[in-house]
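Biologist: I am new to this structure. Show it to me, and tell me what the terms rest on.

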Amino acid sequence: MFGEKIMENKTNAQRMLDKIGAKYKCYHYNAAEGLSGAEIAAVLGQNPQQVFKTLVTVAKSKQHYVFMLPVEAELDLKKAASVVGEKNLEMIKQKELLPLTGYVHGGCSPIGMKKVFPTVVDKSADNFETIIFSAGRVGMQIETSLENLQKIIVFDMADVCRVS
């Protein structure tokens, strides 16, 4: 339940942050409710522009790419493809996520995936000292700085969100 102290094993993302001595904060929420990213931000009392989702795409070249963007934003596949030097990208099928990354839908963290994929963080993350994203388990989020994230995964920053 939200608000209760939950004793559990650490996620790969937490272990990797611990390994580099990074400061981070964990948030827990009731995962049974199947909340959207915006709803998670609201439950946590956080700015939805500071709460990021992790999306995995695939190009015709079969190369996979990871994109992090605010939970209320939509990935602009044309912009994203251009940023990574591909002609086009598409979202991977949900059933492919676990075998590819080791994470389930709603619990996909950019940290600790089975393989290292080229990653792009939306440039709006620069507006915040820290960003919040999945800790690698449904019902759990991590807040840390981009500086800490950059010590664990290599990423570029670019505008990859669709303008409505």
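Modeller: Start with burial. Buried means under 20% relative accessible area, exposed over 50%, and partly exposed in between, with a 1.4 Å probe and protein chains only. Strands are DSSP runs of E with at least two residues, helices are runs of H or I with at least four, and both are numbered from the N terminus. This is a predicted model, where local features need pLDDT of at least 70, side-chain atom pairs count only at pLDDT 80 or more, and totals for chains, interfaces and linings use all residues. Residues are numbered from 1 along each chain as its sequence is written, and side-chain values use heavy atoms, leaving out hydrogens and water.

Biologist: What makes S2 largely enclosed?

Modeller: In S2 (52-59), 7 of the 8 residues are buried, so the strand is largely enclosed by the rest of the structure.

Biologist: Which strands pair with S2?

Modeller: S3 (residues 64-70) pairs with S2 over 7 antiparallel bridges. Leucine 55 stands opposite phenylalanine 67 in S3. S4 (residues 89-91) is joined to S2 by 3 bridges, also antiparallel. There, alanine 59 stands opposite leucine 89.

Biologist: Why is lysine 62 called exposed?

Modeller: Its relative accessibility is 66%, so lysine 62 counts as exposed. Lysine 62 lies in the loop between S2 and S3. Its phi is near 75 degrees, a positive value in a residue other than glycine.

Biologist: What makes asparagine 30 partly exposed?

Modeller: Asparagine 30 has 31% relative accessibility, so it counts as partly exposed. Asparagine 30 is found in the loop between S1 (25-28) and H2.

Biologist: What makes a space a pocket?

Modeller: On a 1 Å grid over the protein atoms alone, a pocket is an open set of points with protein on both sides within 12 Å along at least five of seven lines, whereas in a cavity a 1.4 Å probe fits but cannot get out; lining residues have an atom within 4 Å of a point. The points are joined across faces, edges and corners, and the volume is the space filled by probe spheres set on them. The largest pocket has a volume of about 600 Å³. It is lined by 26 residues, and Lys53, Thr54, Leu55, His105 and Gly106 are the closest to its centre. S2 gives the largest share of this lining, 5 residues.

Biologist: How many residues of that lining are nonpolar?

Modeller: The lining of the largest pocket has 14 nonpolar, 10 polar and 2 charged residues. Ala, Val, Leu, Ile, Met, Phe, Trp, Tyr, Cys and Pro count as nonpolar, Asp, Glu, Lys and Arg as charged, and the others, Gly among them, as polar.

Biologist: How do you know where the predictor is confident?

Modeller: By pLDDT, the predictor's confidence in each residue, from 0 to 100. The protein averages 92, and 94% of the residues score at least 70. Over residues 1-7 the pLDDT is below 50.

Notes. Contact = heavy atoms within 4.5 Å. Pairing = 2+ DSSP bridges.
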